[in-house]
Amino acid sequence: MIYLSQLLQWNRVTNLTSITDPQKIVIKHFVDSLTALAATAFPFQAVVIDIGAGAGFPGLPLKIVRDDLRLVLIEPIKKKCSFLTSITGLLKLGDVSIFPGSLRQYVDQIKHSAADIMVLRALRFDEIKEQAEVLLNKRGKIILYRTQMIGADSAPSGFMIESQKLFSLPMNQGNRVICILTKSVRV
């Protein structure tokens, strides 16, 4: 509830979400973010990188439910980074780092975390594919939050579809497809 109230308060000044109805925020942001936990296993203390974190979805709800996760929020817009810093402090979330820049800038750092899991909700995968190949551990996963399934023959080159799971959001708020990608194994 703290997260929701802060999101609504900050959203008056900083455009964090176009959804302003609290009930719809709960369903379309919080519940939606958590669908990944029902779609795939998250290893204990996994490094999860949320690319284009915005107002913290899906990374922060995942962290709230799974406190053991080590979360990296990558967000290039400074006002959104200010919100992320504020809300992680208010919620007393440990093992959360916020990178104020692009994914390319994060990868170009001398020291950066490799990802066990990368989550991508508001961006297209082809925009970050090159950096994802560098950041993702050998056995890591990319979780794409989508509205439609990816065709079996449409997996991005260098990756394979491990699974796809369709969810219906509560109160007829639409569908969500969680698509899990892994690096293709070259023999």
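Visitor: How much space lies in the largest pocket?
Guide: A pocket here is an open set of points on a 1 Å grid over the protein atoms alone, where a 1.4 Å probe fits, with protein on both sides within 12 Å along at least five of seven lines. Its volume is the space filled by probe spheres set on the points, which are joined across faces, edges and corners. This is a predicted model, where local features need pLDDT of at least 70, side-chain atom pairs count only at pLDDT 80 or more, and totals for linings use all residues. For the largest pocket, the space comes to about 290 Å³.

Visitor: Which residues lie nearest the centre of the largest pocket?
Guide: Lining residues have an atom within 4 Å of a point. The largest pocket has 16 of them, and those nearest its centre are Gly-52, Ala-53, Gly-54, Arg-121 and Ala-122.

Visitor: What about the second largest pocket: which strand gives the largest share of its lining?
Guide: The second largest pocket has a volume of about 220 Å³. Its lining is made of 13 residues, with Arg-124 and Phe-125 among those nearest the centre. Strands are DSSP runs of E, at least two residues, numbered from the N terminus. Three lining residues, the largest share, come from strand β5 (residues 136-146).

Visitor: Is Asn-11 buried or exposed?
Guide: Residues are numbered from 1 along each chain as its sequence is written, and side-chain values use heavy atoms, without hydrogens and water. Buried means under 20% relative accessible area and exposed over 50%, with partly exposed in between (1.4 Å probe, protein chains only). Asn-11 has 15% relative accessibility, so it counts as buried.

Terms used:
Helix = DSSP H or I, 4+ residues; strand = E, 2+ residues; numbered from the N terminus.
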